[in-house]
Amino acid sequence: MIKTIPKKRFLSVLIKLKRNDMYTKAKHFGLTHPIVVACSQELDTLLNRYQGIRAIH
C-alpha cells in the first residue's frame with residue numbers, strides 16, 4: 001500500500017528545495033539575474049499555495 005503525503009508537508013518540501021535552488025543560483029548569477037528572479041517567483045507561488053492564497057492573474 002502506498003502512503004500518501006499530506007499536501008502541506010509535500011509543499012513544505014518543495015519550498016525548501018526551491019529556496020535552496022534559488023540561493024545557489026543567486027550565488028552564481030547574482031540577485032537580479034533573470035534566472036534568479038524566475039526562481040524567486042516560483043518560490044512565491046509555492047508559498048502562496050502553502051498559505052492557501054490563490055494568485056490573481
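Is Asp44 buried, partly exposed or exposed? With a relative accessibility of 40%, Asp44 counts as partly exposed, where buried means under 20% relative accessible area, exposed means over 50% and partly exposed lies in between, using a 1.4 Å probe and protein chains only.

Before I go on, please keep in mind that this is a predicted model, in which local features need pLDDT of at least 70 and side-chain atom pairs count only at pLDDT 80 or more, while totals for chains, interfaces and linings use all residues. Residues are numbered from 1 along each chain as its sequence is written, and side-chain values use heavy atoms, with hydrogens and water left out.

Let me turn to the helices, which are DSSP runs of H or I with at least four residues, numbered from the N terminus. Helix α1 covers residues 7-29 and helix α2 covers residues 34-50, and the two pack at an angle of about 165° with their axes 9 Å apart; the axes are lines fitted to C-alpha atoms over the stretch in contact, and angles run from 0 to 180 degrees between N-to-C directions. That angle makes α1 roughly antiparallel to α2, a label given to angles over 145 degrees.

Which residues make this contact, meaning heavy atoms within 4.5 Å? On the α1 side they include Leu11, Ile15, Met22 and Phe29, and on the α2 side they include Ile35, Cys39, Leu43 and Tyr50. By class, the contact has 13 nonpolar, 2 polar and 7 charged residues, where Ala, Val, Leu, Ile, Met, Phe, Trp, Tyr, Cys and Pro count as nonpolar, Asp, Glu, Lys and Arg as charged, and the others, Gly among them, as polar.

Leaving aside its neighbours within four places in sequence, Lys18 is in contact with Cys39, Glu42, Leu43 and Leu46. The side chains of Lys18 and Glu42 are also joined by a polar contact of 2.5 Å, that is, a pair of N or O atoms within 3.5 Å, where within protein one must be able to donate a hydrogen and the other to accept it, and residues adjacent in sequence count only if both atoms are side-chain atoms.

Now for some other residues of the two helices. Leu17, in helix α1, is exposed at 55% relative accessible area, and its C-alpha atom is 9.4 Å from that of Leu43, 26 residues apart in sequence. Asp44, where I began, lies in helix α2, and its C-alpha atom is separated by 9.0 Å from that of Ile15, 29 residues apart along the chain.

Technical notes
Parallel < 35°, antiparallel > 145°, perpendicular 65-115°, else oblique. Contact = heavy atoms within 4.5 Å.
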